[in-house]
Amino acid sequence: MKRSVEAAEIWFVMRKATHWCRLHAALSVSKLDISISDFAVLAALRARGPLRPDAIGKKVLLTSGSVTAALDRLEQEALIERRVDPVDRRASLVYLTDQGADLIRRAHDKHTSSMEEVFSVLNAEERQDLRRLMKKVGKFAEAMHSERDPAVKPKKVTAPARERPTLPAPRR
């Protein structure tokens, strides 16, 4: 039982730390005059190169509708462009434009400086350890969640049978 308590405590500490880091990040990005979802999309394209819209959603944890809305906004501002995927002509790839690459470079540099404040409490070794451990836990939890076979239904747990109380007949 002690392992469960420890795991639950770690989860709660992680949840609280994530809450405050997310607020700090949201404030940082809001100062960049760009939405957090647009920032995430541009940052993913900067880090990974051209991506399909569904891959962007998976990388930045946005629904397909949110990705489409972000791509529409970014395309209208000439920060990205959609092109036919040469490998699969039914699909599209999203590319950063020069203007988009410049914007995300500047925005990312400012955001990195802002986030430096939060992580300045950790030394270089602690940062590496935290990154490694968070990736390890995150990837394992993701695999546990996504590898469940949808064809296999979870066992239905039923309460033991008990007698139903007899209700009085309705009055007429």
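Start by selecting R83, which counts as partly exposed because its relative accessibility is 38%. (Buried means under 20% relative accessible area, exposed over 50%, and partly exposed in between, with a 1.4 Å probe and protein chains only.) R83 sits in strand β1.

A quick word on what you're looking at. This is a predicted model, where local features need pLDDT of at least 70, side-chain atom pairs count only at pLDDT 80 or more, and totals for chains, interfaces and linings use all residues. Residues are numbered from 1 along each chain as its sequence is written, and side-chain values use heavy atoms, with hydrogens and water left out.

**Zoom out**

Switch to a cartoon view. You'll find 6 helices and 2 strands in the protein chain. (Helices, H or I with at least four residues, and strands, E with at least two, are DSSP runs numbered from the N terminus.) Trace the sequence along and the pattern reads α-α-α-α-β-β-α-α. Of the 172 residues in the protein chain, 20% are buried.

**Salt bridges**

How many salt bridges does the structure hold? There are 12 salt bridges. (A salt bridge is a side-chain nitrogen of Lys or Arg within 4 Å of a carboxyl oxygen of Asp or Glu.)

Select R82 and D72 next. They form a salt bridge whose closest N and O atoms are 2.7 Å apart. This pair links distant parts of the chain, with R82 in strand β1 (residues 80-84) and D72 in helix α4 (residues 64-76), 10 residues apart. R82 is partly exposed because its relative accessibility is 32%, and D72 is partly exposed too, at 38%.

Now move to helix α5 (residues 98-119), where you can pick out R106 and D102, 4 residues apart, about one turn of the helix. Their salt bridge has its closest N and O atoms 3.2 Å apart. R106 is partly exposed, with a relative accessible area of 38%, and D102 is partly exposed at 34%.

Stay in helix α5 and select D109 and R105. Why are D109 and R105 separated by about one helical turn? It's because they lie 4 residues apart in helix α5. D109 and R105 form a salt bridge, with the closest N and O atoms 3.9 Å apart. Here D109 is partly exposed at a relative accessible area of 39%, and R105 is partly exposed at 36%.

For the last stop of this kind, show the side chains of R52, D85, D88 and R90. These residues are linked in a network of salt bridges.

**A patch of charge**

Go to a surface view and highlight R48, K59, R131, K135 and K139. Together they gather in a patch of positive charge on the surface. (Patches are made of residues with over 30% relative accessible area and no salt bridge, with like charges joined within 9 Å and nonpolar side chains, Val, Leu, Ile, Met, Phe, Trp and Tyr, within 5 Å. Lys and Arg count as positive and Asp and Glu as negative, while His and the chain ends are not counted. Each charge is placed at NZ of Lys, CZ of Arg, CG of Asp or CD of Glu, and accessible areas come from the Shrake-Rupley method with a 1.4 Å probe, where for residues only the protein chains shown count as cover.)

Which helix gives the most to the positive patch? That's helix α6 (residues 124-146), with 3 residues. Click on K135 in helix α6: K135 is partly exposed, with a relative accessible area of 39%.

**A pair of rings**

Head for the aromatic side chains. The count comes to 1 aromatic pair. The ring centres of W11 and F12 are 6.2 Å apart and their planes are at 50 degrees, so the pair is tilted. (Rings of Phe, Tyr and Trp, using the six-membered ring of Trp, pair if their centres lie within 6.5 Å; planes under 30 degrees apart count as stacked, over 60 as edge-to-face and the rest as tilted.) F12 is partly exposed, at 40% relative accessibility.

**Two loop residues**

Finish in the loops. Select L61, in the loop between α3 (53-60) and α4. Phi of L61 is near 60 degrees, a positive value in a residue other than glycine. Is L61 buried or exposed? L61 counts as exposed because its relative accessibility is 77%.

Then jump to A78, in the loop between α4 and β1. Phi of A78 is near 60 degrees, a positive value in a residue other than glycine, and A78 is partly exposed at 36% relative accessibility.
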